[in-house]
Amino acid sequence: GPVLALSGVTKSYGSHPAVCGVDLAVSPGEVVTVIGPSGCGKSTLLRLAAGLERPDSGEVRVGGRVVAGSTWVPPERRRVGMVFQDHALFPHLDVAHNIAFGLDELPRSQRAGRIAEVLELVGLGHLGQRHPHELSGGEQQRVALARALAPRPTVVLLDEPFSSLDANLRTQVRTQTLAALRETGSAAMVVTHDQTEALSMGDRLAVLKDGVVRQVGTPSEVYESP
Ligand code: ADP
Ligand code: ADP
């Protein structure tokens, strides 16, 4: 079954629904991009999947388990990895300790190996002892991805992950990110307002408008349908 499933998920702020009756599923190993204009509810949808928001109605499942609906499972117990636009690394911790932060459930003896493995995965094997301010923007984003992948989450959620990067770097980090997801076989939901990004990363795209999923399909189904 799907690693992430949203069913009839609705969330309003005041009287205005930000997300309205959304059904969306992500299969194992699949990358689904959520695209749509600013304010259409993309970020809210991701936050509902992550557990940073509670739905007013509907259900969220991660790995088949209900995490919102008949029960509530908080973000840290959902087995989801998260990557945000502003990477949100801890400035006072070096890269290795930033990654170690999410590994408290892994036996201590395995942590260094796992950290080295994910740093290698994102091509930063030599930078474990640097602090975030000693890294470029692109390197910081790759550390954020390594940190999200390190606990081997059921699904990775990325919210405008490359928006803070300039155009050249954005393409490069996007390619590296997709390669890392593929290499680990990780399923992901990627929120973006960038059509090129959505097309190049997504096995499937969900087009969101005014909180409603208008279209779901492969890039060619979505953009070549009459
Ligand atoms: P997107 O990510 O597509 O730009 P958002 O999910 O951020 O869209 O926002 C969807 C709608 O919900 C917008 O109308 C936005 O103003 C509103 N919204 C989002 N978060 C909040 C909040 N915490 N309080 C009130 N309104 C919000
Ligand atoms: P503490 O600061 O609590 O003593 P450690 O110094 O052991 O913790 O570091 C936390 C984790 O990060 C440990 O598993 C450690 O082996 C690992 N670690 C520290 N530095 C590196 C590095 N440069 N590369 C890979 N793993 C590292």
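This is a predicted model: local features need pLDDT of at least 70, side-chain atom pairs count only at pLDDT 80 or more; totals for chains, interfaces and linings use all residues.
1. Arg147 is buried yet forms no salt bridge. The nearest side chain of opposite charge belongs to Asp86, at a distance of 7.8 Å, whereas a salt bridge would require a side-chain nitrogen within 4 Å of a carboxyl oxygen.

2. Leaving out residues up to four places away in sequence, Arg147 touches His87, Ala88, Leu89, Phe90, Asn98 and Ile99. One of these, Ile99, is also listed among the residues with the most contacts inside the largest nonpolar core.

3. Six strands form an open sheet in the order 6-7-8-3-9-10, and their pairing is mixed. Strand 6 (80–84) and strand 10 (212–217) are the edge strands; each has a single partner strand, so one side of each lacks a neighbour in the sheet. On average, neighbouring strands are turned by 20° against each other, direction ignored.

4. Within this sheet, strand 3 (residues 31–35) and strand 8 (residues 188–192) run parallel and are joined by five bridges. Thr33 has Val190 of strand 8 as its bridge partner.

5. Two helices are placed against these strands. Helix 4 packs on the sheet, where it touches strand 6 and strand 7 (155–159), and its direction makes about 170° with that of strand 6. Helix 5 (residues 167–184) lies across strand 3, strand 7 and strand 8, and runs at about 140° to strand 3.

6. Which residues have the most contacts inside the largest nonpolar core? They are Ile99, Leu145, Leu149, Val156, Leu158, Leu181 and Ala188, in a core of 34 residues. Two or more residues each come from helix 2 (95–100), helix 3 (108–121), helix 4, strand 7, helix 5 and strand 8. Helix 4 gives the most, with six residues. As a general background, nonpolar side chains in soluble globular proteins tend to be buried together.

7. Residues up to four places away in sequence aside, Leu158 touches Leu46, Val83, Leu145, Thr177, Ala188, Met189, Val190 and Val191. Another core, of 29 residues, lies apart from the largest one and includes Leu6, Val19, Ala50 and Met189.

8. Two residues deserve attention for their backbone geometry. Most residues other than glycine have a negative phi. Arg79, although not a glycine, has a positive phi of about 55°; Glu160, likewise not a glycine, has a positive phi of about 45°. Arg79 is located in the loop between strand 5 (65–68) and strand 6, while Glu160 lies in the loop between strand 7 and helix 5.

9. Are these two residues buried or exposed, or partly exposed? Arg79 has a relative accessible area of 45% and is therefore partly exposed. Glu160, at 10% relative accessibility, counts as buried, because the limit for that class is under 20%.

10. Gly21 counts as partly exposed, with 41% relative accessibility. Neighbours within four places in sequence set aside, Gly21 is in contact with Gly8, Val9 and Thr10. The C-alpha atoms of Gly21 and Gly58 are separated by 7.4 Å, although the two residues are 37 residues apart along the chain.

How values were computed: Residues are numbered from 1 along each chain as its sequence is written. Chains are lettered from A and ligands numbered from 1 in the order in which they are written. Side-chain values use heavy atoms; hydrogens and water are left out. Buried means under 20% relative accessible area, exposed over 50%, partly exposed in between (1.4 Å probe, protein chains only). Lys and Arg count as positive and Asp and Glu as negative; His and the chain ends are not counted. Contact means heavy atoms within 4.5 Å. Two strands pair if DSSP finds at least two bridges between them. Helices (H or I, at least four residues) and strands (E, at least two) are DSSP runs, numbered from the N terminus. Axes are lines fitted to C-alpha atoms, for helices over the stretch in contact, and angles run from 0 to 180 degrees between N-to-C directions. A nonpolar core is a set of buried Ala, Val, Leu, Ile, Met, Phe, Trp, Tyr and Cys residues joined through side-chain atoms within 4.5 Å.
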